[in-house]
Amino acid sequence: MTILKLTLFGTFQARNSQGTPLTFRTDKIRALLAYLAVEHSRAHRRDHLAALLWGDSDRARARQSLRMALLRLRQALEPVLEEKNAQPFLLVDRHIVQFQFDPRAHDVDAIFFDRVVGGLRDPSQTAAERFRQMAAVADLYQGEFLAGLTVTGGQEFNEWRLLQSERYHQQLMSLIDELIDFYLLRENWAKAEQYARQQITLLPWHERAHQQLMRLYAAQGKRDLVRHQFEQLSATLSAEIGVEPSQNTAQLYEQLLEKSSAPVKFEPQRKTPHNLPRTMTPFVGRLREINLLKGILTKREYPLLTLVGEGGIGKTRLALQTAHALLPEFPGGVWFVSLADLPITPKDTPMGRDRLSIAVASALGFRFRGLGDLVTQLIDFLNEKNDQSLLLILDNMEHVIESGFMIVFELLRQVPHLTIMITSRQRLDLQAEYVYQVHGLPLPQHKTHAPSLSEISDNTAVQLFVERAERRGGRFVLTDDNALEVVSICEAVDGMPLGIELAASLLDLGSTKIIADALTPGNRLHQLETTARDMPVRHRTLHGVLSYSWQLLNSHLQLIFVRCAVFRNGFSATAAEVVCQASLADLTHLVHRSLLRVSSTGRYTFHPLIFEFAQEKLQGYAAEIETLHLAHADFFSGWLGLDNIDNFFDIDNQGYRQEIALEIDNVEQFWRWSAQNKRPEFIHPTIYAMFQFYQWMAYYHRGHAIAIEITEELTDQPEEAARLVRAYLLIWRTVLDTTMGQQERADAGRAEAAAILSGLEADKTRVERGILHREIAKYRFRMDQEEACDIIKESIRLLDKPGSHGPQTISMVWLAYFLGKMNRLTEAEEVLRRCQEIQKALNDRRGLLSSQAVLSLLLARQEKYGEAIDLYQEVLQGRREIEDWGAYATAQWQLANIYLQANRLQEAEATFHEALKWAHINGSTRGMAAAHFGLGRIYNLTGRPADAIDLFTQAMETFRKRNDLAELGDVLNHYADALLALKRPNEAADARQEAEAVTRQLHG
């Protein structure tokens, strides 16, 4: 007996066994139930469901929202279960959720729909049963799937709903087509009209439904209704799409009106003739692409569509799948012409034209006669054969474009009912051409965590791998254990379908882990191959696929192609012109041949596998390599050099930082080359900008790693330039070491940098000495505050460089901060005033925010908490706006401290937790310790001393490692308070004694 009925077609409804509606508190609960019901065949991880419906929240909040939604969903369903003493609808544990579908107890229209459609493939099903089931499906479809159910913040759910809605709609339209023909053949006019009307309701401009109604009325002698139907279609198409009825519809209308008033005997539409090859493997994904291509190809304004993309990207399969879906739209036929085996024809030759004409004629079943021009005979044949819409697919045309583009042009110009779809690695460059770029399958998004099975099982790249892997004997099963490896394999080939298929074929040789480990950068091309006999030879290795594209280039483009391999992760047209002597036309040719990609911003990139191929080819141009790297280093050194450093401080040039983010791989590449080839002079001008960038973006570990790599490379290079660069990099290593809590390493780096600088000419090293003094001052402030102020003042003097004061203002902000911490507020405010004058002149928004932050701390020391908090909230918002994530994380715990001083404990606690999250993200041990200290103080104040002690202990451990005496003394005093609250007076006394000793040491 049915105890739960879900209606998902149309407006969502849920009813019990008596038909009484069930109520749910929110749309997200309705959406959750609908999703679980439709996707009942598998368990869903909680993280996946949380991201599905609460994607705009952080992970913790999303999971909490999911817990509440599940609780309320179960509460809404409980009365139904209690009434029938039934099993729970949902299987829920700490990790997964699944709808336990029971066909005897649950009636879900969408599930019934899927089961009927799946059963139609059963060859044992009788025709009567088949059409009975189809009619049942058509009758239950009461509207769009989950009509109107769009959830705020649930982008993934909304996309899933749209895809499901489109899938159900397409399947239904196809079923109704068959039903209409079934009833028309039996002259059951009422039923045929009913279903044709249903199609028009679903899609008002669906021409085939209007055609069927026109035939139906003509068969009954109702000429007025034929005319009315055509006029209704014309008005709908004009209003909704802005086009007229197709030529086929207009001709059908004229034919039906030409008949006498007697009824016209109905003749069912014959099946569209075609020669589309049978596909031997399932087609996975690309539903959106197919629908888009169908829309393009059915518009008369676009008679020529070219699918362009790299070899192996899936152009042919996409074209074939689209062609199958378009059969009803081209009654004149859909004809597939494979050009892969034609020889390369580099220019327009009669032989090349004839070969292409013969290939097309062969596919159409046409034989040439006499010695007349073959293209002319082909055009005459197409015009004589019929005047119905016809689709011609020219597959793999890249190697015959030069001899074939004029044939395509003439066919389109002289055969008005012809539409052509082409697949090619190169566009034709005709005005009539609509170019559609085919990309790899989308990859799972899992950058912040290892992917789970439930998160990736819906991904089409993963589905393709699994389907092809299962064919290797049925032994492969996707599990949580191999999910990460499968995703890594798909990422290694950037979603390229051929790459995924070739990788799956390697399962005969080992596990997914072995395959993933083998597909490392620089090693992928020669690993990916198959022995499948029915795979075209050119597709059995990815190296062979790319070699074929290479052979189609002339020698000049081959040279430009390999030169571009000197870049890492893309490049600009300017960089290519300077470094590679590549013109914009050269780059455009490579883009049009699917060997380069270009973004909407004009940046050029390689597909990862094509990049490896280009690097391999570059090794064959030995004379080019050193010159290329030299030009590459010279270009990026000048672009990022000291002459441009004030770009970092200019509020109107924030794009400079985004440019560095794009070029960071190129900069690190030229650093490595320069260090290895003893050209440190290229590195020196760029160090300041790069490490400002690493700090700004909180790329601490990345900056530290490259600094270590380059300093080690320069260790044995005695030249003055190499020693200067090494000293500069050591200084910045100490900054990052300090941030990450590596105090001993930071001390050693400072000492070594100072030793190197002492042996170099002072005037040449002012900037390096100024920055080193700043870092020494920041370190010494923890132990001797007066000495630290003297050192930072010397830093300001050294960095006082006419025309460039950005580095100097950073030291001034630190001086104001030191003075504020020492309660020398008037001096601090005067330093900030002078500093802000310089920052405003430089349009240095980042620096001004730092000054505002210190000013806010000064206000807080004067107990002007309202002003301090308002100002610091502006600082926090400004940090977020300019995406200064390193400083943003620091601003979180500093604002939390001000809340704490103002006794706004709830706001302080929430902000400290946010600060702790960001400190973990950035790897800042200083930030973690500050957040632990702040939270411990709050727990002390709110009667949770045991929790406070745990946090104080973690903070003290960090401050001891950093030798941060000022902070350590504060923590020890609060730690003693917590011990007293727990009635541990002896331990509290020890803590107080240690705090006093630390304070004495700090103040000398």
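Author: L307 has T423 as its bridge partner in β10. This is a predicted model, in which local features need pLDDT of at least 70 and side-chain atom pairs count only at pLDDT 80 or more, while totals for chains, interfaces and linings use all residues. Residues are numbered from 1 along each chain as its sequence is written, and side-chain values use heavy atoms, with hydrogens and water left out.

β7 (residues 304-308) and β10 (residues 418-424) run parallel, joined by 5 bridges. Strands here are DSSP runs of E, at least two residues; helices are runs of H or I, at least four; both are numbered from the N terminus. Two strands pair if DSSP finds at least two bridges between them.

Both strands sit in an open sheet of 5 strands, ordered β8-β9-β10-β7-β11 and paired in parallel. β8 (334-338) and β11 (433-437) are the edges. Each has a single partner strand, so one side of each lacks a neighbour in the sheet. On average, neighbouring strands are turned by 20° against each other, direction ignored.

Now the antiparallel strands. β4 (residues 90-92) pairs with β5 in the antiparallel sense over 3 bridges. The two form a hairpin with 3 residues between them. L90 has F99 as its bridge partner in β5. β3 (residues 44-45) also pairs with β5 in the antiparallel sense, over 2 bridges. There, V97 of β5 is the bridge partner of H44.

Look at the side chains of β5 (residues 96-99) too. I96 and Q98 point one way; V97 and F99 point the other. All are buried, that is, under 20% relative accessible area with a 1.4 Å probe, protein chains only.

Last, a helix pair. α36 (residues 845-861) and α37 (residues 865-881) pack at about 160°, with axes 8 Å apart. The axes are lines fitted to C-alpha atoms over the stretch in contact, and angles run from 0 to 180 degrees between N-to-C directions. That makes α36 roughly antiparallel to α37, a label for angles over 145 degrees. α36 passes α37 in a left-handed crossing: the near helix is turned anticlockwise from the far one by less than a right angle.

Contact means heavy atoms within 4.5 Å. Among the residues making it are L849, A853 and L857 of α36, and A868, L871 and V875 of α37. By class, the contact has 11 nonpolar, 4 polar and 6 charged residues. Ala, Val, Leu, Ile, Met, Phe, Trp, Tyr, Cys and Pro count as nonpolar, Asp, Glu, Lys and Arg as charged, and the others, Gly among them, as polar.

Methods. Buried means under 20% relative accessible area, exposed over 50%, partly exposed in between (1.4 Å probe, protein chains only). Angles under 35 degrees count as roughly parallel, over 145 as roughly antiparallel, 65 to 115 as roughly perpendicular and the rest as oblique.
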